[in-house]
Amino acid sequence: GIILPPSVREAYENSFYLEAIRGISQFCNTHQYVNTIITGQDDEEVLQAIRSMIRSGQVDGFIVLYSKQDDCIVDYLYDEGLLYVLIGKAYQFANQTIYIDNDNLLAGQEATEYLISKGHTNIAYLGSDSNLMFSADRKTGYQLALLNSGITVNPENIVELPFLPEENLAAVQSLLQKKDRPTAILVSDDIFAVALERVCIEMGIRIPEDLSIISFNNSLFARITSPQLTSIDINSVQLGIE
């Protein structure tokens with residue numbers, strides 16, 4: 001059972017999940033395993049689907065495609081003694097959980113160090129909510145890189161939004177309207193970076209002349225935008241296979 005994050009739209013718009021599922025399916029097909037996608041608009045809908053699959057004996061184990069703080073779905077799997085693997089760093093039951101992850105903290109740190117090596121000192125961070133473990137780690141890496149380079153972390157340069165940033169672009173516009181606006185932004189995800197590019201176009205900010213952007217996933221979004229995004233490949237397919 002492949003569990004997507006409960007969401008009305010997020011799970012269907014983020015190519016990370018599709019790529020991870022591709023890796024899982026590739027492995028399952030080779031070994032004659034059957035996989036089923038489990039999704040829903042909220043936690044309760046996903047839990048109902050999980051309970052239904054368990055009652056019918058359809059599933060031997062679960063892969064949870066995300067990791068976030070205080071997740072009632074992981075609580076349920078753990079409390080029921082069900083076999084599950086997380087993609088992403090475990091938050092609760094960390095010592096009893098099998099999880100597959102990138103070093104997102106190091107990735108965030110190295111991405112920020114790359115911007116610093118290009119001469120940037122006023123670097124902002126745009127990311128999804130910190131209750132998602134990958135985003136929290138990338139933000140921590142960003143902060144570490146600044147501190148290690150003797151650059152003060154400015155809380156006003158950190159913008160965290162729920163998913164679907166188009167509904168919350170006022171915070172991004174405010175960041176770019178600052179008198180001392182950042183010259184570079186580290187973005188936690190390509191979808192956020194594309195939304196940022198759109199705001200820049202509307203405000204007449206040129207990329208990369210006025211603002212440098214680096215993001216994560218190396219998704220289709222990164223390749224078809226103009227200019228193309230600098231984006232770190234996080235090996236989504238390989239995470240699924242592992």
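Q: What space lies in the second largest cavity?
A: A cavity is a set of points on a 1 Å grid over the protein atoms alone where a 1.4 Å probe fits but cannot get out. Points are joined across faces, edges and corners, and the volume is the space filled by probe spheres set on them. In this predicted model, the second largest cavity holds about 50 Å³ of space.

Q: Which residues line the second largest cavity?
A: A lining residue has an atom within 4 Å of a point. Here the lining is made by Y66, S67, K68, D71, V74, L86, Y91 and Q92. Sorted by class, four of these residues are nonpolar, two are polar and two are charged. For the classes, Ala, Val, Leu, Ile, Met, Phe, Trp, Tyr, Cys and Pro are nonpolar, Asp, Glu, Lys and Arg are charged, and the others, Gly among them, are polar.

Q: Before we go on, what should I know about the numbers and values?
A: Residues are numbered from 1 along each chain as its sequence is written, and side-chain values use heavy atoms, with hydrogens and water left out. The model is predicted, so local features need pLDDT of at least 70 and side-chain atom pairs count only at pLDDT 80 or more, while totals for chains, interfaces and linings use all residues.

Q: How many cavities of 30 Å³ or more does the structure hold?
A: There are two of them. The largest cavity has about 240 Å³ of space. Its lining has 22 residues, and F16, L65, I87, F134 and R138 lie nearest the centre. The elements giving two or more residues to this lining are α2 and α6 (133–148); helices (H or I, at least four residues) and strands (E, at least two) are DSSP runs numbered from the N terminus. Helix α6 provides the largest share, three residues. By class, the lining of the largest cavity has 11 nonpolar, six polar and five charged residues.

Q: Which residues lie nearest the centre of the largest pocket?
A: A pocket, unlike a cavity, is an open set of points, with protein on both sides within 12 Å along at least five of seven lines. In the largest pocket, G1, C28, Y33, G61 and I63 lie nearest the centre, out of 25 lining residues. About 630 Å³ of space lies in this pocket. Several elements each give at least two residues to the lining: α2 (15–30), β3 (62–64), β4 (84–87), β5 (98–100) and α10 (236–241). The lining is made up of 17 nonpolar, six polar and two charged residues.

Q: Which residues of helix α4 are buried?
A: Buried means under 20% relative accessible area, exposed over 50%, and partly exposed in between (1.4 Å probe, protein chains only). In α4, which spans residues 72–79, the buried ones are I73, V74, Y76 and L77. They sit on the same side of α4, because they cover an arc of only 155° around the axis; the arc is taken from the directions from the helix axis to the C-beta atoms. An α-helix has 3.6 residues a turn, so residues three or four places apart point the same way.

Q: What do the buried residues of α4 pack against?
A: Look for contacts, meaning heavy atoms within 4.5 Å. The buried residues of α4 pack against β1 (2–3), α3 (43–55), β3 and β4. After α4 comes G81, with a positive phi near 70°.

Q: Where do I find cis peptide bonds?
A: Look at omega. Another runs from S226 to P227, with omega near 0°; P227 is in the loop between α9 (220–224) and β10 (230–232).
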